[in-house]
Amino acid sequence: MAAWVSVQGDAGDVGLAEYRLDELAQLSGVNARNIRAYRERGLLDPPRRVGRSAYYDDAHVAQLRLIASLLNKGFSSAHIAEFFSSVRHGQDLAEALGIERAELTAHRSPITADVSESDARTLVEAGLAELADGVFVLTDPALSAAVAASDDQPALIGTAARVARLTADAVDDLAEQAAAVSTSDPESGQAVDITPTVVARAFNHSFHRAFRRALHLRAS
C-alpha cells in the first residue's frame, strides 16, 4: 500500500503518495532488480530515505516509464544516463540529445481551429506561438501536441491563453527575484554563475509539485 507524506501548503497539509520498491515496480512495470540497476547507474533519481527505508514518488514512476520508452526506441542505458545527466546539469532535452532546434520546428503544423485575436496575441507574447505569414502556429511542443490531440482545440487554446494572462505579472515578479538570487549569493555577496535553463528547471519542478497539490485540494 502506498504511504503518504505530509506536505505543508497554503491551505494546510496535503498528502502526496510515496511507494516502496515493490510498489514502484508494480506501478511502473519495471522489475525491482532493474530499478536498483537504474538507480546505481544514475538513471533514476535517489529515493527519499528514512533510516534503512527508501521511498519513491510519482516523479520516479514517470522517470521509469520514460526510461522504458527510450529503451524501446533503441537507446542504450548508457545513452539514457548521459541524456539525464545533461538535463540535470541544465541542458534542455534537445541539447542533451544533440538535436538542432530547426529539426524540432520543421514539422510544426498551423492551427486550423478558430483562435481569437486576443488569445493569439497572448500566446505569441508568451513565446508559445508565432504568426508566420499571417498563420497562427504553436511553437511549444507540449502545447502543440495537446491541442492536436484535443477534441475541443479552441477551448484548450483559450485556457492556455487565460493561464498566460493570469500569471504574467506573477511570472515577471518571480523572474526579478530569481535574477537577484542568481546573480549573487545573499550570504557571501559573491557572484553566482548560473544559467537561465537551470533556474527555469528549478521553477518548473517547484511549480509542478505545487500545481499537483492544488489539484489534489480542489478534488478533495
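# Exercises on salt bridges and helix packing

Arginine 165 is partly exposed, at 38% relative accessibility. This residue returns in Exercise 2. The model is predicted.

## Exercise 1. The whole chain

Task: How many helices and strands does the protein chain have, and what percentage of its residues count as buried?

Solution. 

Step 1. Take the secondary structure. The protein chain has 10 helices and six strands.

Step 2. Take burial. The chain has 220 residues, and 27% of them count as buried.

## Exercise 2. The salt bridges

Task: Find the salt bridges in the whole structure.

Solution. 

Step 1. Side chains of opposite charge can pair when their charged atoms come close.

Step 2. Count. The search finds three salt bridges.

Step 3. Take glutamate 18. This residue pairs with arginine 48, with 2.7 Å between the closest N and O atoms. Glutamate 18 sits in strand 2 (residues 12–18) and arginine 48 in strand 3 (residues 48–50), so the bridge ties together parts that are 30 residues apart in sequence. Arginine 48 is partly exposed, at 38%.

Step 4. Take glutamate 117. The partner is arginine 121, and the closest N and O atoms are 3.8 Å apart. Both residues lie in helix 7 (residues 117–125), four residues apart, about one turn of the helix. An α-helix has 3.6 residues a turn, so residues three or four places apart point the same way. Arginine 121 is partly exposed, at 42%.

Step 5. Take aspartate 119. This residue bridges to arginine 165, with the closest N and O atoms 3.2 Å apart. Aspartate 119 is in helix 7 and arginine 165 in helix 9 (residues 153–183), so the pair ties together parts that are 46 residues apart in sequence. Aspartate 119 has 13% relative accessibility and therefore counts as buried.

## Exercise 3. Helix 1 against helix 3

Task: At what angle do helix 1 and helix 3 pack, and which residues meet?

Solution. 

Step 1. Helix 1 covers residues 21–28 and helix 3 covers residues 58–72; they pack at about 50 degrees, with axes 9 Å apart. Helix 1 is therefore oblique to helix 3. The crossing is right-handed.

Step 2. List the contact. Helix 1 contributes Leu24, Leu27 and Ser28, while helix 3 contributes His60, Val61, Leu64 and Arg65.

Step 3. Sort by class. This contact has four nonpolar residues, two polar and one charged.

## Exercise 4. Helix 1 against helix 2

Task: How do the axes of helix 1 and helix 2 cross, and which residues of helix 1 are buried?

Solution. 

Step 1. Take the angle. The axes cross at roughly 100 degrees and come within 9 Å, with helix 2 covering residues 32–40. The two helices are therefore roughly perpendicular to each other.

Step 2. List the contact. Leu21, Leu24, Ala25 and Ser28 of helix 1 meet Ala32, Ile35 and Arg36 of helix 2. By class, five of these residues are nonpolar, one is polar and one is charged.

Step 3. Check burial. The buried residues of helix 1 are Leu21, Glu23, Leu24, Ala25 and Ser28.

Step 4. Look past the helix end. Glycine 29 follows helix 1 and has a positive phi, near 80 degrees.

Note on methods: Residues are numbered from 1 along each chain as its sequence is written. This is a predicted model: local features need pLDDT of at least 70, side-chain atom pairs count only at pLDDT 80 or more; totals for chains, interfaces and linings use all residues. Side-chain values use heavy atoms; hydrogens and water are left out. Axes are lines fitted to C-alpha atoms, for helices over the stretch in contact, and angles run from 0 to 180 degrees between N-to-C directions. Angles under 35 degrees count as roughly parallel, over 145 as roughly antiparallel, 65 to 115 as roughly perpendicular and the rest as oblique. A crossing is left-handed if the near helix is turned anticlockwise from the far one by less than a right angle, and right-handed if clockwise. Contact means heavy atoms within 4.5 Å. Ala, Val, Leu, Ile, Met, Phe, Trp, Tyr, Cys and Pro count as nonpolar, Asp, Glu, Lys and Arg as charged, and the others, Gly among them, as polar. Buried means under 20% relative accessible area, exposed over 50%, partly exposed in between (1.4 Å probe, protein chains only). A salt bridge is a side-chain nitrogen of Lys or Arg within 4 Å of a carboxyl oxygen of Asp or Glu.
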